[in-house]
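This report describes the contacts and salt bridges of the structure shown below.

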Amino acid sequence: MTMIQAINDALDVAMQRDDTVTVMGEDVGYFGGVFRATAGLQAKYGTSRVFDTPISECGIIGVAIGMGAYGLRPVPEIQFADYIYPALDQLVSEAARLRYRSAGEFTAPLTLRSPFGGGIFGGQTHSQSPEGIFTHCSGLKTVIPSTPYDAKGLLIASIEDNDPVLFFEPKRLYNGPFHGHYDRPAKGWAGHPDAKVPEGHYRVEIGKARVVREGSDLTILTYGTMVHVVASTLDELEDAPKAELIDLRSLIPLDIETIEASVKKTGRCLIVHEATRTSGFGAELSALVQERCFHHLEAPVQRVTGFDTPYPHALEWAYFPGPVRLAQAFKQIMKD
Amino acid sequence: MMATTPENPVWTGANRPPLRLHVPQPPARPGEAPNFSALEIPAVDAGHRPDPDTPAAQMQGHAFGLVRVLDLDGTASGPWDPQVSPETALAMLRAMALTRAFDDRMFRAQRQGKTSFYMKSLGEEAVSIAAAFALDDADMLFPSYRQQGLLIARDHDLVDMMNQIYSNRADRMKGRQLPIMYSVKAKGFFSISGNLATQLPQAVGWAMASAARGDTRIAAAWLGEGSTAEGDFHSACTFASVYRAPVILNVVNNQWAISSFSGMAGGDETTFAARGLGYGIATLRVDGNDVLAVLAATRWAAERARGNHGPTMIEHVTYRAEGHSTSDDPSAYRSAGEAAAWPLGDPLTRLKDHLIKQGHWDEDRHATMLAEVMEQVRTAQKASERYGILGHGFNQPLDTMFEGVFEQMPWHLAEQEAQMLAEWRAAGLPDIKREEPGA
């Protein structure tokens with residue numbers, strides 16, 4: 001399955017098992033979503049469970065919170081993560097705090113799905129990675145898959161979770177893994193080991209990282225599209241370090257045990273994300289590693305991230321933390 | 001470009017009359033006489049009562065009129081007269097008096113340093129009380145912070161409300177919320193948020209869910225006229241209209257949003273009720289100090305919602321007779337005489353006069369009732385204060401701070417909790433032990 005098919009399948013499975021699961025968002029109904037993630041669901045489950053919404057992110061999330069208070073399990077879609085900001089108040093002030101402020105009387109068991117990340121010539125408003133805004137808000141979970149297998153298992157787990165979950169889907173990975181070279185032919189998911197997706201219901205536990213490959217020289221912490229870019233860059237470089245590559249999969253809650261064990265083993269840590277650097281999630285990761293693994297570190301913790309600029313269109317491949325930037329970072333951290 | 005002719009002079013540059021920014025100003029400021037001349041009060045029988053399935057587009061008159069039942073002399077009449085029994089009218093009178101007594105007592109408790117904050121609903125009691133009497137107990141309420149009357153009309157335990165205000169040991173919210181931000185699921189009263197207007201789309205979503213499930217329950221939401229300027233109001237109206245959600249959107253126009261008069265929310269140019277029309281939402285504008293009119297309008301809206309005819313917006317024209325909150329001094333921005341000069345009077349007095357006129361009530365019984373509700377509040381206050389008051393410090397075990405952020409506590413919160421307790425102990429401060437409320 002492609003990641004899109006896996007997401008579609010996860011929604012289908014979740015809706016089949018629990019008739020309170022309700023899918024809503026712009027163009028998700030009859031049309032099946034601009035990325036086809038909800039294709040066929042309205043025909044199968046009816047307009048009361050899969051419906052189009054007005055173009056109002058504030059409305060979509062506000063209404064989803066009310067539906068959750070009623071007892072439904074809403075799965076709202078925000079068409080691009082770049083357009084999540086009109087819903088910020090509803091997410092941060094309401095969904096994130098409802099359980100806490102009502103001492104559990106009301107909860108917001110919603111899963112906000114949203115395509116995110118760059119690498120598609122999306123320019124400023126079709127490429128952003130706003131996860132750091134949400135990891136800063138207590139009460140929200142943030143989940144980011146990097147494979148079709150994880151996408152399905154994590155999405156089902158998110159929908160079944162009783163807390164609000166932001167489920168960011170790396171749209172660069174919807175149809176295939178990404179090696180980081182925009183000028184080479186794109187690969188599809190067919191034949192990829194992580195594209196084997198079981199039928200029916202299964203969950204990938206939220207809060208557990210995946211060790212993509214083991215290594216002894218260096219720990220690389222990343223998630224989303226960058227998992228594949230890093231893996232493929234390591235494969236391509238002749239002098240690549242023997243890196244332990246960790247796909248975090250979930251930022252809040254974070255799998256600190258896996259991170260700590262790995263960095264204590266390797267003594268070096270490189271953090272890679274597409275999002276802008278300053279106050280990004282990488283800063284939190286860096287601080288945690290420094291606090292917990294200080295005496296095991298043989299080099300400063302480093303970050304390869306998007307630059308602190310809006311996401312550019314023409315200069316995307318200078319901005320993107322791709323093979324060129326990664327190769328330099330590998331050299332530097334192994335020299336330090 | 002338009003040609004210059006003697007009939008059409010095209011002015012350019014400095015010859016053009018300068019533009020001016022219009023910043024609305026209230027009709028009266030401190031030191032000036034109150035001025036409510038802009039408020040038109042039609043006769044009680046001026047408006048008809050349309051069928052509850054009337055299309056919104058045919059309700060222009062109701063967006064600019066005023067649904068009224070009680071004349072200022074206490075006579076009830078007209079097409080909207082809900083013909084309530086004396087028992088129901090007396091129950092509403094008592095609930096309004098109880099709300100007012102509760103407000104008085106809690107306002108004073110804040111002044112005595114027993115808690116940090118309070119907000120009265122003086123003069124607006126009819127808006128909440130009548131709505132609670134018009135709706136079914138199973139209908140879901142999404143209030144703002146000035147609808148304490150809803151809880152009181154639904155016979156919620158006053159002690160429980162006060163426990164929340166005092167953030168005491170028995171506070172079900174565990175001291176997490178600012179006073180008056182109640183949450184009472186058992187009474188269909190949604191958790192109040194400090195962020196204005198957020199509850200409106202939530203109420204619409206609740207109503208949509210009820211409809212999607214084939215339920216028969218409806219939702220109602222409240223916000224002030226000032227909060228209608230928030231984007232959430234627009235989102236809520238759009239969604240309510242698009243999905244014909246079984247919801248009642250109540251705009252409580254009490255003329256003031258802290259120090260901003262209603263003109264600052266757009267009230268000078270049109271009515272707040274009229275905003276509903278633009279969304280295709282049936283709209284009623286109601287005398288908010290006329291408890292029978294509010295009851296009648298809410299019943300109409302509920303009937304419309306239950307018949308799958310869609311949402312209703314009700315603008316309640318009332319007056320915020322007290323300061324915005326215990327942190328506010330209204331003498332700094334409005335005429336001191338306004339509350340007394342408010343042309344729609346006092347909701348409690350108006351219903352009392354009506355009942356006396358009908359022969360169901362008299363001054364003696366009224367005085368006795370006022371003494372009874374005062375005693376009821378005083379008794380509740382004593383009971384609540386036995387669980388502690390905020391003024392005496394922490395009433396919650398320290399570790400409750402970390403509970404309920406998520407369903408299960410993740411490691412980072414568990415670590416922070418352990419750190420806090422260690423800091424506390426290292427400073428030699430006592431642990432606050434867990435104990436059952438009332439222990």
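## Salt bridges within chain A

A salt bridge is counted where a side-chain nitrogen of Lys or Arg lies within 4 Å of a carboxyl oxygen of Asp or Glu. The model is predicted, and by this criterion A:Arg210 and A:Asp194 form such a pair, with their closest N and O atoms 3.6 Å apart. A:Arg210 belongs to strand β7 (residues 210–213) and A:Asp194 to the loop between β6 (165–170) and β7, so the bridge ties together parts of chain A that are 16 residues apart in sequence. A:Arg210 is buried, at 17% relative accessible area, whereas A:Asp194 is partly exposed, at 22%. Both residues take part in a network of salt bridges that also links A:Asp150, A:Asp247 and A:Arg249.

A further salt bridge joins A:Arg292 to A:Glu260, with an N to O distance of 3.2 Å. A:Arg292 lies in helix α10 and A:Glu260 in helix α9 (residues 256–266), so parts of chain A that are 32 residues apart in sequence are tied together. A:Glu260 counts as buried, with 18% relative accessibility.

## A buried ion pair in chain B

In chain B, the closest N and O atoms of B:Asp287 and B:Arg68 are 3.7 Å apart, and the two residues form a salt bridge. Strand β6 (residues 282–287) holds B:Asp287, and the loop between α1 and α2 holds B:Arg68; the pair therefore connects parts 219 residues apart in sequence. B:Asp287 is buried at 0% relative accessible area, and B:Arg68 is buried at 4%.

## The interface of chains A and B

The contact between the chains involves 45 residues of chain A and 43 residues of chain B. The buried area is about 3,700 Å², with carbon and sulfur atoms giving 60%. On the side of chain A, A:Tyr70, A:Tyr100 and A:Arg101 lose the most area to chain B, together 22% of what that side buries.

Polar contacts across the interface comprise 24 residue pairs, both residues being at pLDDT 80 or more. Helix α3 of chain A gives the most to the side that touches chain B, with ten residues. By class, that side of chain A has 21 nonpolar, 13 polar and eleven charged residues. Three salt bridges are counted between the chains; A:Asp19 and B:Arg213 meet in a salt bridge at 3.3 Å, N to O. Over all chains, the structure holds 47 salt bridges.

Methods. Residues are numbered from 1 along each chain as its sequence is written. Chains are lettered from A and ligands numbered from 1 in the order in which they are written. This is a predicted model: local features need pLDDT of at least 70, side-chain atom pairs count only at pLDDT 80 or more; totals for chains, interfaces and linings use all residues. Side-chain values use heavy atoms; hydrogens and water are left out. Contact means heavy atoms within 4.5 Å. Buried area is the accessible area (1.4 Å probe) that two parts lose on being put together, summed over both. A polar contact is a pair of N or O atoms within 3.5 Å; within protein, one must be able to donate a hydrogen and the other to accept it, and residues adjacent in sequence count only if both atoms are side-chain atoms. Helices (H or I, at least four residues) and strands (E, at least two) are DSSP runs, numbered from the N terminus. Ala, Val, Leu, Ile, Met, Phe, Trp, Tyr, Cys and Pro count as nonpolar, Asp, Glu, Lys and Arg as charged, and the others, Gly among them, as polar. Buried means under 20% relative accessible area, exposed over 50%, partly exposed in between (1.4 Å probe, protein chains only).
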